[in-house]
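Here are my notes for you on this one. Keep the viewer open and check each point against it as you read.

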Amino acid sequence: MKNFTAQVSGLAMLALAALPIAALPASALAAPASVKIADINLLTAEGMSTFSKRADYAARDFCRDERSLSAAAHCRVAIKTELNEKVAGIRAAKLEQASTTFAAR
């Protein structure tokens with residue numbers, strides 16, 4: 001009887017440990033959303049347009065497994081917001097670098 005109780009207790013612990021993983025949305029288990037920026041100039045309007053298109057695609061791809069349209073839309077907005085925040089920091093660094101560059105003979 002003692003062995004049976006220990007087995008049931010062990011199974012219950014495993015089931016409880018698996019619950020948080022089962023509750024996660026599919027996007028939480030997906031590979032991170034990424035946008036290639038090495039080949040574009042983020043300081044130009046054309047470069048930012050290219051980035052925006054790539055960010056849209058990355059957000060759609062990342063959120064494609066959401067179960068409802070509203071969840072997918074919320075996911076896309078969150079991904080694009082995060083990508084835009086990161087690219088804003090990169091642009092600021094590039095602008096500062098460009099403003100401190102000078103020529104010497």
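This is a predicted model: local features need pLDDT of at least 70, side-chain atom pairs count only at pLDDT 80 or more; totals for chains, interfaces and linings use all residues.

1. One term before we start: a residue counts as buried when its relative accessible area is under 20%, and as exposed when that value is over 50%.

2. Now zoom out to the whole chain. You'll find four helices and zero strands, so the pattern along the sequence reads α-α-α-α.

3. How much of the chain is buried? Of its 105 residues, 16% are. The surface left open comes to about 8200 Å², and carbon and sulfur atoms account for 62% of that area.

4. Next, have a look at who touches whom. Take the contacts between residues at least 6 apart in sequence: 53% of them link residues at least 24 apart.

5. How many disulfides turn up in a search of the whole structure? The search gives one. Its partners are cysteine 63 and cysteine 75, with an S to S distance of 2.0 Å. Cysteine 63 sits in the loop between helix H3 (45–62) and helix H4 (69–100), while cysteine 75 belongs to helix H4, so the bond ties together parts that are 12 residues apart in sequence.

6. Is this disulfide left-handed or right-handed? The torsion about the S-S bond of cysteine 63 and cysteine 75 is about -75°, so the answer is left-handed.

7. Along the chain, phenylalanine 62 and cysteine 75 are 13 residues apart, and their C-alpha atoms are separated by 8.3 Å.

8. Finally, follow helix H4 from end to end. H4 has 32 residues, and the stretch from its first C-alpha to its last is 46 Å, close to the 46 Å expected at 1.5 Å a residue. Which residues of H4 are buried? They include Ala72, Cys75, Ile79, Leu83 and Val87. When you look at the spacing of those numbers, here's a handy rule: an α-helix has 3.6 residues a turn, so residues three or four places apart point the same way.

Terms used: Residues are numbered from 1 along each chain as its sequence is written. Side-chain values use heavy atoms; hydrogens and water are left out. Helices (H or I, at least four residues) and strands (E, at least two) are DSSP runs, numbered from the N terminus. Buried means under 20% relative accessible area, exposed over 50%, partly exposed in between (1.4 Å probe, protein chains only). Contact means heavy atoms within 4.5 Å. Accessible areas come from the Shrake-Rupley method with a 1.4 Å probe; for residues, only the protein chains shown count as cover. A disulfide is a pair of cysteine sulfur atoms within 2.5 Å. The expected span of a helix is 1.5 Å times one less than its number of residues.
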